[in-house]
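This report covers the salt bridges, the sheet and the helix packing of one protein model. The sequence and structure are shown first.

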Amino acid sequence: MQDENFWAAQFEEHRPRLRAVAYRMLGSFAEADDAVQETWLRVTRSSGDDVRNIGSWLTTVVSRQCLNMLRSRATRREDPLDVRVPDPVVESGDGVDPAEQEVLADSVGLALLVVLEALDPAERLAFVLHDMFAVPFDEIASMLDRTSASVRQLASRARRRVQGATPAGPPNRSQQRRIADAWLTAARGGNFDGLVALLHPDALLRVDTGGPDSKVVRGAAEVAGNASRFRPVGLVSHYAVVNGGPGIVATRDGKPVSVLAFTVSDGLIVEIDILADVERLATLDISVN
């Protein structure tokens, strides 16, 4: 039987991966940290004598915890159409917080995380573990108490749902920066035509304020209209990399009041996700220069 120091060392070694799994599963850093903490408590209550692959076992434990949390979240949600933008990973100035490096490693965009939010918990587990972390279907099947064949179907169904949420091919960083800068210039000037020119005809805007002002807007003209009418006083906008893609952080008196993430494909903005829930933003320790 291994002692507590051994398990503490093993857990710290695997913590970044566990947090990355939990973040992709839950879309919330606070909930991801809760899931990782529950995993550690499980470790302290187990002898671990029958564990052959520690990394695989820890991934299984944290995944089951995330699955329970997703199912609990689904039962609590009164309105299935609630608008929710996941917690963003913001890289600005000197770079991303080292604690978020592993989370950001695969550049999981907010648009993809939003689609994952709409999946059934079992579909989300199958897709995240297999497609993002290469966990074999047999292992996932044991977590869900299903056959490998049915888990393959879950992952395939989820894969079809997320198609298009992440543009194919490597990102063109200079192009993305130019588009973000052009958007800022057009929005500040109320230039409706300039905004429309940057948008895909079927562009989507999703705004999560944490309250009744949350909304989803579809279509280039409608999205541009919202942006051109939004003329807040006292806000300072900063370009930032948000979940590996182009974004904007707006601050007032040095405190973030919104984080905007663009999804760009073939030179046009196909989706804009905005987190404007000030209470949530205050917990994310976002810094801008």
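Glu31 is partly exposed, with a relative accessible area of 21%, whereas Arg73 is buried at 9%. Buried means under 20% relative accessible area, exposed means over 50%, and partly exposed lies in between (1.4 Å probe, protein chains only). The side chains of these two residues, Glu31 and Arg73, form a salt bridge with an N to O distance of 2.4 Å. A salt bridge here is a side-chain nitrogen of Lys or Arg within 4 Å of a carboxyl oxygen of Asp or Glu. The pair connects distant parts of the chain, since Glu31 belongs to helix H2 (residues 29-45) and Arg73 to helix H3 (residues 54-76), 42 residues apart. Helices (H or I, at least four residues) and strands (E, at least two) are DSSP runs, numbered from the N terminus.

The model is predicted: local features need pLDDT of at least 70 and side-chain atom pairs count only at pLDDT 80 or more, while totals for chains, interfaces and linings use all residues. Residues are numbered from 1 along each chain as its sequence is written, and side-chain values use heavy atoms, with hydrogens and water left out.

## Other salt bridges

The structure holds 13 salt bridges. One of them joins the side chains of Arg177 and Asp181 at 3.2 Å, N to O. Both residues sit in helix H9, four residues apart, or about one turn of the helix. Arg177 is partly exposed at 38% relative accessible area, and Asp181 is partly exposed at 32%.

Another salt bridge, at 2.5 Å from N to O, is made by the side chains of Asp273 and Arg206. Asp273 lies in strand S7 (residues 268-275) and Arg206 in strand S2 (residues 199-208), so the pair ties together parts 67 residues apart in sequence. Asp273 is buried at 0% relative accessibility, and Arg206 is buried at 14%.

## Overall fold

The protein has 12 helices and seven strands. Of its 289 residues, 50% are buried. Among contacts (heavy atoms within 4.5 Å) between residues at least 6 apart in sequence, 64% join residues at least 24 apart.

## The sheet

Seven strands form an open sheet in the order S1-S4-S5-S6-S7-S2-S3, with mixed pairing. Strand S1 (90-91) and strand S3 (215-218) are the edge strands, and each pairs on one side only. Two strands are taken to pair if DSSP finds at least two bridges between them.

Strand S5 (residues 245-252) is mostly covered, with seven of its eight residues buried. S5 runs antiparallel to strand S4 (residues 236-242), with seven bridges joining the two. Val242 has Gly245 of S5 as its bridge partner, and Val241 stands opposite Pro246 in S5. Two residues separate the strands in the hairpin of S4 and S5, where Asn243 takes a positive phi near 50 degrees.

S5 also pairs with strand S6 (residues 255-265), in the antiparallel sense over six bridges. Val249 has Val259 of S6 as its bridge partner. S5 and S6 form a hairpin with two residues between them, and Asp253 in the turn has a positive phi of about 55 degrees.

H5 lies across S2, S4, S6 and S7, at about 65 degrees to S7. H9 packs on the sheet and touches S2, S4, S5, S6 and S7; its direction makes about 40 degrees with that of S5. Axes are lines fitted to C-alpha atoms, for helices over the stretch in contact, and angles run from 0 to 180 degrees between N-to-C directions.

Helix H9 (residues 173-188) has 16 residues, which at 1.5 Å a residue should span 22 Å; its end C-alpha atoms are 23 Å apart, which agrees. The expected span is 1.5 Å times one less than the number of residues. The buried residues of H9 are Gln176, Ile179, Ala180, Trp183, Leu184, Ala186 and Ala187. Just after H9, Gly190 takes a positive phi of about 65 degrees.

The axes of helix H5 (residues 110-117) and helix H6 (residues 121-133) come within 10 Å and cross at roughly 140 degrees. Leu112, Leu113, Leu116 and Glu117 in H5 meet Arg124, Phe127, Val128 and Met132 in H6. This contact has six nonpolar, no polar and two charged residues. Ala, Val, Leu, Ile, Met, Phe, Trp, Tyr, Cys and Pro count as nonpolar, Asp, Glu, Lys and Arg as charged, and the others, Gly among them, as polar.
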